[in-house]
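Reader: Could you walk me through one of the interfaces here, slowly please?
Author: Gladly, let us look at it together.
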There are 6 protein chains.
Amino acid sequence: MRPSGRTASQIRPVTITRNFTCHAEGSVLIEFGNTKVLCNATVEEGVPRFMKGQGKGWITAEYSMLPRSTHTRSQREAARGKQGGRTLEIQRLIARSLRAAVDLKLLGENTLTLDCDVIQADGGTRTASITGACVAMVDALTYMRNKGIIKTNPLKHMIAALSVGICDGQPVSDLEYIEDSKAETDMNVVMTETGKLIEVQGTAEGEAFSFEEMSEMLELAKHGLRELFDIQKAALA
Amino acid sequence: MRPSGRTASQIRPVTITRNFTCHAEGSVLIEFGNTKVLCNATVEEGVPRFMKGQGKGWITAEYSMLPRSTHTRSQREAARGKQGGRTLEIQRLIARSLRAAVDLKLLGENTLTLDCDVIQADGGTRTASITGACVAMVDALTYMRNKGIIKTNPLKHMIAALSVGICDGQPVSDLEYIEDSKAETDMNVVMTETGKLIEVQGTAEGEAFSFEEMSEMLELAKHGLRELFDIQKAALA
Amino acid sequence: MRPSGRTASQIRPVTITRNFTCHAEGSVLIEFGNTKVLCNATVEEGVPRFMKGQGKGWITAEYSMLPRSTHTRSQREAARGKQGGRTLEIQRLIARSLRAAVDLKLLGENTLTLDCDVIQADGGTRTASITGACVAMVDALTYMRNKGIIKTNPLKHMIAALSVGICDGQPVSDLEYIEDSKAETDMNVVMTETGKLIEVQGTAEGEAFSFEEMSEMLELAKHGLRELFDIQKAALA
Amino acid sequence: MRPSGRTASQIRPVTITRNFTCHAEGSVLIEFGNTKVLCNATVEEGVPRFMKGQGKGWITAEYSMLPRSTHTRSQREAARGKQGGRTLEIQRLIARSLRAAVDLKLLGENTLTLDCDVIQADGGTRTASITGACVAMVDALTYMRNKGIIKTNPLKHMIAALSVGICDGQPVSDLEYIEDSKAETDMNVVMTETGKLIEVQGTAEGEAFSFEEMSEMLELAKHGLRELFDIQKAALA
Amino acid sequence: MRPSGRTASQIRPVTITRNFTCHAEGSVLIEFGNTKVLCNATVEEGVPRFMKGQGKGWITAEYSMLPRSTHTRSQREAARGKQGGRTLEIQRLIARSLRAAVDLKLLGENTLTLDCDVIQADGGTRTASITGACVAMVDALTYMRNKGIIKTNPLKHMIAALSVGICDGQPVSDLEYIEDSKAETDMNVVMTETGKLIEVQGTAEGEAFSFEEMSEMLELAKHGLRELFDIQKAALA
Amino acid sequence: MRPSGRTASQIRPVTITRNFTCHAEGSVLIEFGNTKVLCNATVEEGVPRFMKGQGKGWITAEYSMLPRSTHTRSQREAARGKQGGRTLEIQRLIARSLRAAVDLKLLGENTLTLDCDVIQADGGTRTASITGACVAMVDALTYMRNKGIIKTNPLKHMIAALSVGICDGQPVSDLEYIEDSKAETDMNVVMTETGKLIEVQGTAEGEAFSFEEMSEMLELAKHGLRELFDIQKAALA
């Protein structure tokens, strides 16, 4: 029995609120149970120096947890004077995943920045960020077409992400914090709506996992991600 | 006529939502029109080194704007590697103001940290932060008494803050961004509910202001702050 | 009775030495009793990026205390690797005040930098900095006209600054360190020679202050600032 | 046909040189073809603050590329003033993997630091680092037993790591730089000598990959890792 | 003929003003012609961590140039966020030289910090700093004896420093900026009053120098340093 | 008797291995006994901003010790977030010395960067770096001529460096760590193959040294450097 009473394959209730703030070209609040992430998409002309002159666009992401989004307060990274390794790792993952969803040539020499700020954390903030940021990105791409910045929709397919893992020897889907903190294995899967993989990151926290467990976790992820794509579609309808 | 149709002394609709997030000992979302600030209060045992051994508590604050809380995206301070002068100035003001509301001896050797994160900005974010943080602090003090950490309520009086200024030669109250950006003078006033002043910071942005205008702005502030104290009280009732 | 034997409205002896160092376009040592600040003005072609193409000039300031300008040694900010919040706040105040004294259009696309380095501190270093920097700036503007860099004097009016406060319940002018450290309220006032206000920053250090006390402090400031304008004029004669 | 003439499942020649430098408690130069990484293990008494008092040891790692280990010179991170996201991500991966190989309780309150410095890079530096660092760690653990610092060997099992990927639609093993830079998918696998997984990190660089391709890459990795365990054993014999 | 009309071996007029500021335990303004350096000595109880428990004291130094001590303004190191290589090199030299003048055991577990701040620069700031800091240190040691912090004078001998060099093929003493900037060789010599060497740092800026020129420069330095010891003694009398 | 059994004037066995790594335009591993430094030369088009438009090239250097190149592990500078004073001092010395060996006009607007990374340290790392970097630079200059980047060899003369010192009252050559750590005086000498001096840096670590000892050390250095020039020549033959 899981702490929330969910079955092994059951994900938490997910809600997606678009236009959560008024200034961003795309602004989504995504909730996976008690995990709440604000995903804001910004459209800017031009690309970073290393991309110049290729006629292609760029997509980048930044991730942050509000200091008191967690049970105990963590130090503000701006006050510490640097972003931690975990933050950098997550924002690199978010950006890489989103770039895999878009034809950068069709984006023109423009940059999309996805800011994912965790308002409240209860496990799965990086996968919630990716899933919410994809919706915010779609809104920003619509904005770009409406403004005539781009002519063709550069979106290749939606993407979404889900965390799965092994708790007490059993593969489970969408771990909340209390499960995550004692899981033997934690795996984040980013998939396209066409059922292909973008990222798979599995980590043995305590015990090494078998190739069979790996397969079972991937199956769980595939199943849960199907639901997430439906929820994204409903939100965008 | 003001852009919003308000009279010179009229403040924007203010709403205060308590328990906005679930982990903090006090968590308040305060809205002044389109300005939205999340104020989280954290209670921690112990005090910073320079306060040790005095039998007194400490109150500190941190302020940040989400990168896309504004019309155009501003660089994330954590990514830049340091907090800007404006941020430091504001969080020093917030903390100083809140310390003036509390008897630090009654707080014991405990620290309160008030995190004020601007979700959406439309002028007056520092005064909204102070006004909201005071409510979050009251909730945190209640938590401390309920947990037996302190025995007596250390709150001396509520405080609230309001921005006033001079636009097109006329003193006005609670400036939104469009007014603020072209105001000749901008003044932030922090007051106690007993009608005394904690901070007065008036700045000529364009034209120097007369001693008479100074008095008129103070009067406007006093009037608007009365309303804010009523709103705080209603929220805490 | 004040520690120095001064009356409530009496400011300390103030001396202004021009051409204190030989390289700067304006170089002033200003002394308020034992407070000594070296104010160097530098003229440079061009303006910061955010000002480019507007045909206007820029004025900026930097403030620092020598590590042993105070009773006990404070850590050198260059060694710590960052400027503290107090430093940033003060140098922003100095620059803002000086910009209010000058018609930036008449300055052309040139930048004035005012370096205010505290050699010895005994209270009121920020107001001494502003008062001295204004004189150094006048010398730098004269240099610019002599060199043909500008044709018209862009100075709108002199500015000066004074600290006032409430000690033992009594409003007093130009606090030295021993008074400042135990004052209930501290207020810095920046005024034009035409009697208008540029900045008013009043802070309750211990007790909140009434609107009446606010008025009394402003009156004291106005009176003391009159004397400072006379001293500036004599120094520039 | 692969650039090196290797078959799809063939790894590059791997050599492990122990005692490469004379000061470290374990010092290994590992070579995967032209990729050369120096892995130094340091034994130090005590553990980081967050581990104190648990009676357990700690294992950490640092990774760096010499500026000219690559085709073009990259900026030295010490000169830039910070470690990049890629560096932090890799050293977190190395440390996490090694901790999974050791019973931290048997290590006592001691810390092992594994410095992995890339002397020459040709793809697969992170997996070479893990594979070499495990050997250096074994030497350091032997040193600890010889010195009487620990009594029991805390090693649970050897670990090794290998990169696999998809190039021109074909799964291949142990990619060198020229393959890595144009691979559609890149996957790093860390395994125990008992055939269980520690880390799986697969990333679609260009095209998303299918669940079948995922399985094929895992098979390739399992096969290549068997060889690496033999090479480690021979080196330690 | 030298720009100043001095002979090859003639040093500039040197003045030493003690008690230049009022808070430091030793405060000296030293002038070598137009070069002016303020040297403040601070006495603090305790020693840095790496010196603890040895029953010995420590002497350290910090060096800085005011931004406008030079012909053109240089960026403030506190604003840049780090001290440059030249600054670190000079303050290491100053501290090392002063430590060679003192018996650290007789100093007890106390720390002397010598702050050398260049008010105005015209060549030779590092040697002026050492020469002036030695006098400030003597005053601080006297203070320590007067306060009973130490019983015996730990000074082994006075030290002083002088720059010599080769200009237009001719060895010269005490170079001012205009000579320094075009010298072929620049050499800084730190000597004890007993005629022994503490530091010799000779650098070919343009042309390599011969062993004979090396000897001639050392002779010039020895001669000029004799004068400096007389000036130090007179100042301390 | 010296710890190694060497005579006072005898240097350690020195070996120079060219083409140690494969990517750099010059790559030299230099060994002075147990001291091993990898010196990589990089050729890049263009010069730093302050050199632009002068038609001259630039030579710069970076120095670093691998954390475990020494007996105990030292903190990685990239992790600390800044290069220490010793590092900056050494890399400034290396670069200055190499620039003295080259006619920068003949180099064209190109930059040479010499990365000196200490693999294993046993005293004399800075002088080994200079001696090895000169050979790597020669290889890079040959590369530039072969590629047609420059037409004339800009090398004026080879340079080499050696440390000498005074141990137990006796001048000795090429100190290893055990001697260096207890030497009374340490002196680094950089010389041209034509027998002229580029840098002389002598430091009294414990006892001040006489002018006679200074001469003796210089003689020892001259003698040892002759041998180093022969070794360089043999390596380049």
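Reader: How many salt bridges are there between chain F and chain D?
Author: Between chain F and chain D the count is 12 salt bridges, a salt bridge being a side-chain nitrogen of Lys or Arg within 4 Å of a carboxyl oxygen of Asp or Glu. One of them joins F:Asp115 to D:Arg76, with the closest N and O atoms 2.7 Å apart.
Reader: Before we go on, what sort of model is it?
Author: This is a predicted model, where local features need pLDDT of at least 70 and side-chain atom pairs count only at pLDDT 80 or more, while totals for chains, interfaces and linings use all residues. Residues are numbered from 1 along each chain as its sequence is written, chains are lettered from A and ligands numbered from 1 in the order in which they are written, and side-chain values use heavy atoms, leaving out hydrogens and water.
Reader: OK, and how much area do chain F and chain D bury?
Author: They bury about 2800 Å² between them, with 51% of it on carbon and sulfur atoms; buried area is the accessible area (1.4 Å probe) that two parts lose on being put together, summed over both.
Reader: Which residues of chain F lose the most area to chain D?
Author: Those are F:His23, F:Arg68 and F:Arg76, which together make up 27% of what that side buries.
Reader: Switching topic, how many residues does the contact take from each of chain A and chain B?
Author: The contact, meaning heavy atoms within 4.5 Å, takes 35 residues from chain A and 35 residues from chain B.
Reader: And how many salt bridges there?
Author: Between chain A and chain B the count is 12 salt bridges, including A:Asp115 with B:Arg73, whose closest N and O atoms are 2.6 Å apart.
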